[in-house]
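Have the structure open beside you as you read. We'll go through a few helices one at a time.

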Amino acid sequence: MKPEYTVTPQLPATAGKARIDAGRLMVHAALLAYTVLALFPIALILINSVKTRAAIFDDPLALPTMETLTFSGFVKVIESTNFLQYFGNSLIVTLLSLGCIVLFGAMASWALSEYRFMGSRLLALFLALGIMIPIRLGTVSILELMVRLELVNTLTALVLVYTAQGLPLAVMILSEFMRQVPAELKDAARCDGVGEVRIFFQVILPLIRPAIATVAVFTMIPAWNDLWFPLILAPSEPTRTVTLGVQQFIGQYVTDWNSVLAALSLAVIPMLILYALFSRQLIRGLTAGAVK
C-alpha cells in the first residue's frame with residue numbers, strides 16, 4: 001500500500017500580509033483611541049482657560065471665538081496671586097526630589113545588583129514593599145516626625161517625603177537594567193585600575209540612561225501634581241505649591257473657573273514639555289529587554 005500524504009493548503013502571501021496589516025491597524029487604532037482619551041481632559045482645560053465664564057458653561061467643548069476669547073484668568077493668576085512663587089516651589093521640590101531619587105536609587109540598585117552581602121534579599125524585599133503599600137497610610141506618623149524635626153512648612157519636608165515615595169520604584173527599575181550590563185565591561189574597567197565609584201558614574205550610569213528617564217517620568221509627575229502632602233506638611237503661603245495655590249480660587253459658594261483653569265494650564269504645560277523631551281528615552285526604557 002502506498003503511504004497516504006495529507007496536503008495542507010497554504011494561504012497566499014497576500015492573505016498573510018493582509019492579516020498582519022489588519023492586526024497592525026487594530027493596534028494603532030486602539031493606541032490612538034487611548035491617546036485621545038488621555039489627552040482629552042488636558043485639551044479641555046487648555047481650551048476653556050482662554051474662554052469667558054459664560055462660554056465655559058454654555059459649551060465647554062467649543063473652541064474659543066473672537067467673542068469668547070479672554071486671558072483674564074491668566075492675568076488674575078499672575079498679578080493678584082503669588083503664582084510664580086508657587087510655581088518656583090513646585091519646581092524646586094520636584095527637581096530636588098527627582099535628583100535624590102535618581103542618585104540614591106541608582107546607588108542602591110548598584111549595590112543590590114552587583115554585590116552579594118548578608119541581608120541583601122531582605123533589603124530588596126523591604127524596598128519592594130514600598131511599591132505595594134501607599135505612603136499616605138503613614139501620613140500621621142510622617143506629620144509627627146516632621147513636627148519633631150521642625151520641618152513643617154518647609155520645602156525640605158516635601159523633598160524627603162517624595163524621595164521616600166519614589167525610591168522603591170526607582171530601585172526596582174534601575175536594578176533590572178544594571179543586571180543587564182555585561183560583566184565584561186565592568187571587569188575590563190577593574191583591570192585598568194578604575195575604582196568602583198568611577199565605574200558607577202562613568203560606565204554604569206551612561207548605559208542606563210533610558211532607565212533613568214523612565215524613573216524620572218514616573219516620579220516627576222506624582223511629585224508635581226500632589227496635593228495631599230503640601231496641604232498637610234507645607235500649607236503656609238511661602239511654601240505653597242502650584243496644586244495648593246489653585247485651591248484659593250475654589251470657594252464654598254463661588255468658584256472663579258477662569259482663574260482655576262488658567263492656573264491648571266500654567267501647571268500642566270511644563271509637565272507636557274518635559275514629557276515630550278523624555279519621551280524617546282522613556283520608550284527605550286520601557287521596551288528594553290522585551291526582545292532577547
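Buried here means under 20% relative accessible area, with a 1.4 Å probe and protein chains only. Among the buried ones are Pro210, Ile212, Met220 and Trp224. All of this comes from a predicted model, where local features need pLDDT of at least 70, side-chain atom pairs count only at pLDDT 80 or more, and totals for chains, interfaces and linings use all residues. Residues are numbered from 1 along each chain as its sequence is written, and side-chain values use heavy atoms, leaving out hydrogens and water.

Now hop back to helix 3, residues 72–80, where Gly73, Phe74 and Val77 are buried. Down the helix axis they fall within an arc of 100° (judged by directions from the axis to the C-beta atoms), so they line one face of helix 3.

Next, look at a pair: helix 4 (residues 83–114) packs against helix 7 (residues 155–179) at about 40°, their axes 6 Å apart. Those axes are lines fitted to C-alpha atoms over the stretch in contact, with angles running from 0 to 180 degrees between N-to-C directions.

Finally, over residues 86–110 the chain is 100% helix, and the end C-alpha atoms sit 36 Å apart.

Methods
Helices (H or I, at least four residues) and strands (E, at least two) are DSSP runs, numbered from the N terminus. Buried means under 20% relative accessible area, exposed over 50%, partly exposed in between (1.4 Å probe, protein chains only).
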